[in-house]
Amino acid sequence: MHPQHVSDQFLWLAYLAGLPPIRLHDLRHGAASLMLAAGVEMKVVQETLAHTSSAFTADTYTSVYPQVATAAAEKTAALLFGDEDQAKPGKLISLRG
């Protein structure tokens, strides 16, 4: 099958389902962003997408979900302060002691 035919069929199916216009390739971006937001390791996402480096994957996708950066900061704080409660999302911590 020609790639454009597959894309056209996907667009038509999305239209019939009442979805907004979306490219088939956008599903790839959505899946990668959701995997990262769910805490999947960068290397796993990189290999899933067949990117040549995890740096490219990180540069492309980590800015999409601010929650990814927030979760990383919370996990780091929990490691530094040895308090597992601080790893809970949305919990404010004091760095002053």
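Is Y15 buried or exposed in this chain? Y15 is exposed, its relative accessible area being 56%, and this residue takes part in the one aromatic pair that the structure holds. The model discussed here is predicted, and its chain has five helices and zero strands.

**Overall architecture**
- When contacts in the chain between residues at least 6 apart in sequence are considered, 20% of them join residues at least 24 apart.

**The aromatic pair**
- A pair of aromatic rings is described by the distance of the centres and the angle of the planes.
- For W12 and Y15 the ring centres lie 5.4 Å apart and the planes meet at 25°, so the pair is classed as stacked, because planes under 30 degrees apart count as such.
- Both residues belong to helix α1 (residues 3-16), where, being three residues apart, W12 and Y15 are separated by about one helical turn.
- W12 is partly exposed, with a relative accessible area of 47%, whereas Y15 is exposed at 56%.

**The nonpolar surface patch**
- M1, V6, L24 and L27 together make a nonpolar surface patch of about 400 Å².
- One of these residues, L24, lies in helix α2, which spans residues 24-37.
- L24 is partly exposed, with a relative accessible area of 34%, and therefore passes the cut-off of over 30% that applies to residues in patches.

Key: Residues numbered from 1 in each chain as written. Predicted model: local features only at pLDDT ≥ 70, side-chain atom pairs only at ≥ 80, totals over all residues. Heavy atoms only, no water. Patch = residues over 30% accessible without salt bridge, like charges linked within 9 Å, V, L, I, M, F, W, Y side chains within 5 Å. Areas by Shrake-Rupley, 256 points an atom, 1.4 Å probe, with all protein chains shown as cover. Salt bridge = Lys/Arg side-chain N within 4 Å of Asp/Glu carboxyl O. Helix = DSSP H or I, 4+ residues; strand = E, 2+ residues; numbered from the N terminus. Buried < 20%, exposed > 50% of the residue type's maximum accessible area, 1.4 Å probe, protein only. Phe/Tyr/Trp six-rings, centres within 6.5 Å; stacked < 30°, edge-to-face > 60°. Contact = heavy atoms within 4.5 Å.
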